[in-house]
Amino acid sequence: MASRLRPLLVVLVLLPLFASRAGAETPGAQLTPLKRADYLQHYMDASMYQEAWTTIVQTRAGDVLYLNVIVTNIGVVSGASVFSFSLSPADGGPVVFRKFEKGQDDFHQTPGTPSIRVGPWSSSFGLGTTPTTLKGHEEDVSIDLAITPWVPGVKVGKGEQTYEGKKWLYMIQVPRGSSAGTLKVGGETYDLTGDAYVDHAAQDFLSPDVTTVWNTMRLFAPDYTVLMLQFGVKPDYGGGMTQMLVVTDRSGFVAASTQFTSKGSSMKPDPDGCARAR
């Protein structure tokens, strides 16, 4: 219930944005189409470099799947690259989590495709509305996923922020797409037909060092999508909130903003002990 009520509260606060198809004309929220290089690695020559490509799938059955490809130079001796996923079953059963950690040098990319790979796990990113794929097999896990975007990927503004010399980059590779494929894990097979989202972020700092609260939302309605990201910035790094909101329908961008208000009516701990808005 928590994940359903919170998005409704946010949408009610933002209803004035739907009065016209604002898109790139919305003041303070210019949308910049992604170029080929935006899908690939943005290596930062800093001691706390981290970069992640995150895919979220909500299946028709109601399962929610988070998949991450991560590369970082943080480590005791050297950095690492990781493929991981968590599956939250629709029936409320235990979350299924797997992580496959490799060396930093096991991360590879092919700019011409563009595609990235960590060990046997690979993702090929479709430009514009060309399908994005994620495939691989290791131990008792195999994934074969294809996502067809409704609309092309974008950056909100320049897609970057700087906090007293610390840099954060953010690209929305697939604002909303239709997913198809399968996940096999532990002898079970899950149909991944449904809705999906893909984003891509890089930074040269540890999030707890610079930021305070984080609020994120991806609302998949039948014919439109609401994407929200907010995080507080510590006073030593400028204070205030970094936030963005993007609304799409099946044919394009309806609205975008960096100035809005969201509020949850109450908080409820989830089974892992984290507080979530209701």
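Figure 1. For context, most residues other than glycine have a negative phi, and most peptide bonds are trans.

**Figure 2. The cis peptide bond between T113 and P114****.** The peptide bond that joins T113 and P114 is cis, with omega at about -15°. P114 has its place in the loop between β6 (107–110) and β7 (115–118).

**Figure 3. The edge-to-face ring pair of Y163 and F205****.** A pair of aromatic rings is described by the distance of the centres and the angle of the planes. With pairing taken as ring centres within 6.5 Å, the count comes to ten aromatic pairs. In the pair shown here, the ring centres of Y163 and F205 are 6.3 Å apart and the planes stand at 85°, so the arrangement is edge-to-face. The pair links distant parts of the chain, since Y163 belongs to strand β12 (residues 160–163) whereas F205 sits in the loop between β15 (194–203) and α2 (207–210), 42 residues apart.

Figure 4. Leaving aside residues up to four places away in sequence, T55 touches L65, Y66, L67, L134, L145, I147, Y197 and V198.

**Figure 5. R250 and its polar contacts****.** R250 is found in the loop between β18 (241–249) and β19 (253–257) and is partly exposed, with a relative accessible area of 47%. When residues up to four places away in sequence are not counted, R250 touches W150, V151, P222 and D223. The side chain of R250 makes a polar contact with the side chain of D223 at 2.9 Å, while a polar atom of the R250 side chain lies 3.0 Å from the backbone oxygen of P222. The C-alpha atoms of R250 and T225 are separated by 8.7 Å, although the two residues are 25 places apart along the chain.

**Figure 6. The open sheet of β16, β17, β18 and β19****.** Four strands form this open sheet in the order β16-β17-β18-β19, with antiparallel pairing. β16 (211–220) and β19 stand at the edges with a single partner strand each, so one side of each is left without a neighbour in the sheet. From one strand to the next, the twist averages 5°. β18 and β19 pair in the antiparallel sense over four bridges, and T248 stands opposite F253 in β19.

**Figure 7. Residues 1–28 and the confidence of the model****.** The chain averages a pLDDT of 86, and 84% of the residues score at least 70. Over residues 1–28, however, pLDDT stays under 50, and for this stretch the model has 47 contacts beyond four places in sequence. Where pLDDT is low, the predicted coordinates should not be read in detail.

Notes: Residues numbered from 1 in each chain as written. Predicted model: local features only at pLDDT ≥ 70, side-chain atom pairs only at ≥ 80, totals over all residues. Heavy atoms only, no water. Phe/Tyr/Trp six-rings, centres within 6.5 Å; stacked < 30°, edge-to-face > 60°. Helix = DSSP H or I, 4+ residues; strand = E, 2+ residues; numbered from the N terminus. Contact = heavy atoms within 4.5 Å. Buried < 20%, exposed > 50% of the residue type's maximum accessible area, 1.4 Å probe, protein only. Polar contact = N/O pair within 3.5 Å; in protein donor to acceptor, adjacent residues only side chain to side chain. pLDDT = per-residue confidence, 0-100. Pairing = 2+ DSSP bridges. Axes fitted to C-alpha atoms, helices over the stretch in contact; angles between N-to-C directions.
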